[in-house]
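Me: I'd like to learn how to read this structure, one feature at a time. Could we go through it together?

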Amino acid sequence: MPYDVVVLGGGSGGYATALRGAQLGLNIALIEADKVGGTCLHRGCIPTKAMLHAAEVADSVREAGAFGVGAQLEGIDMQQVNRFKQGVIDRLYKGLSGLVSGRGVTLVPGWGTLVAPDAVQVGEDRIEGKHVVLGTGSYAKSLPGLEIGGRVMTSDQALELDYIPQHPVVLGGGVIGLEFASLWTSFGAKVQIVEGLPHLAPNEDEAISKTLERSFRKRGIGFKVGAMVAEVTQDENSVTVTLQSGDQVTGDILLVAVGRGPRTQDLGYEAQGLNLDRGFVLTDDRLRTGVGNIWAVGDIVPGLQLAHRGFQQGIAVAERIAGLNPPPLIESGIPRVTYCEPEIASVGLNEVAARQRHGDGAIETVEYNLAGNGKSQVLQTQGFIKVVSLKGGPVLGIHMIGSRVGELVGEAQLIVNWEAHPSDVAELVHAHPTQDEAIGEAFMALAGKPLHAHA
Ligand SMILES: Cc1cc2nc3c(=O)[nH]c(=O)nc-3n(C[C@H](O)[C@H](O)[C@H](O)COP(=O)(O)OP(=O)(O)OC[C@H]3O[C@@H](n4cnc5c(N)ncnc54)[C@H](O)[C@@H]3O)c2cc1C
């Protein structure tokens, strides 16, 4: 008897499909070569956030005197940081494994290859399904000709280091590069970032990128933007990046954080007639591949490579297979957080994208500075909240920078995805003193009645 659904890959996208499908009464096989939880749980979101939390603790101790608390940072014990990180992963992994078995999902360990539109081969076993969902995820890319090894590493190896690099060079000023640059700095390293585009956090609103650059400069993080790599060399003591400009940047390790490629090679996808673009699996807006009953979810589908996008896609695919009709996901409505210090959180269109889409005259923006926000002052953080809105119409985007603003993205995404108008939000009461209040203040300013802000 074929399964109702065979899911290939037990990461965020794949396991969400399996869990939701089982909830809807479908008979599911989940094929996983390594551990359920995938990149996010074992090599991505969770370990990096555990390390960033340890980094925040280090900063708090270092700055304790300013708050009248006597404490001295005696050092970072990387063995203990790693034990803490692994403890978090292990607890979550145990919980997730329990969920998978508890919901009656059949976990098939092993490497799967798509051998027919309705079958995946795992070793000697042919696993057949009325539907097949592909969620094989992604891998850390490198630059052409730049081999990973020795002092040159990706986030996979950087997460396993049992020491703190003293002078790491980070290639790439996107989310992953910024998070490592931030945590290593908090651990006492002298970090240098090399980014090919004109700004750090190049996918964010430019106002955010510029504020981040100022904050990073203040933290002593060096960076070169618009800098293209010509060559990388390493010896037993150091690694040197030579830029096309002739400048050189030398460090003890090089973290290559230049993006992630889809893991779709040699899995039988092309042989079964799937439409691939630079390795990504092309689908319609319902995530159907157009071949048999094959669907795709997560990082192999072009778009934002985020765990919560994978969860939502997996849930939606399971529901469609079960005969429900959830609406397609709107990519710009997916919240995005970079957990460096200061944090960046955004949802919706940035100012440039909004102007391009709706025309210059149709857009209004406001920036509310966290200097006027009581809780942010208590936390001693700087930053702002920027709202991009259609004049007389709904809010199109919210962009935030400052310590802990990632926690504000929940309200921001409701505002954008429910297409609220500034006046709708300006009427709502925000608890005082919270950082959340700054969102309320931004909307009061946009509605023409700022309270704690100069008009
Ligand atoms: C350092 C880092 C930090 C990150 N931080 C965040 C963050 O803070 N927030 C966020 O939202 N996202 C973050 N991400 C991104 C997030 O991890 C991914 O978007 C998410 O894991 C993608 O889920 P997925 O299901 O598509 O693939 P994956 O999680 O990569 O899972 C794919 C799974 O499929 C298995 N597999 C692959 N091929 C086969 C095969 N042929 N047979 C059997 N099994 C197979 C793999 O073993 C893996 O377990 C981070 C990523 C990294 C690297």
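**The ligand shell and its surroundings**

Reply: Happy to! By class, the shell around the ligand holds 10 nonpolar, 20 polar and five charged residues. Ala, Val, Leu, Ile, Met, Phe, Trp, Tyr, Cys and Pro count as nonpolar, Asp, Glu, Lys and Arg as charged, and the others, Gly among them, as polar. This is a predicted model: local features need pLDDT of at least 70, side-chain atom pairs count only at pLDDT 80 or more, and totals for chains, interfaces and linings use all residues. Residues are numbered from 1 along each chain as its sequence is written.

Me: Which of the 35 residues around the ligand come nearest?

Reply: A residue is near a molecule if its C-beta atom, placed from the backbone, lies within 6 Å of it. Here Gly9, Gly11, Gly38, Gly137 and Gly298 come nearest.

Me: Which element gives the largest share of the shell?

Reply: Helices (H or I, at least four residues) and strands (E, at least two) are DSSP runs, numbered from the N terminus. Helix 2 gives the largest share, four residues.

Me: Is strand 2 buried or exposed?

Reply: A residue is buried if 20 or more other C-beta atoms lie within 10 Å of its own, exposed if 12 or fewer, and partly exposed in between, with C-beta atoms placed from the backbone. In strand 2, five of the five residues are buried, so the strand is largely enclosed by the rest of the structure.

Me: In which sense do strand 1 and strand 2 pair?

Reply: Two strands pair if DSSP finds at least two bridges between them. Strand 1 (residues 3–8) pairs with strand 2 in the parallel sense over four bridges.
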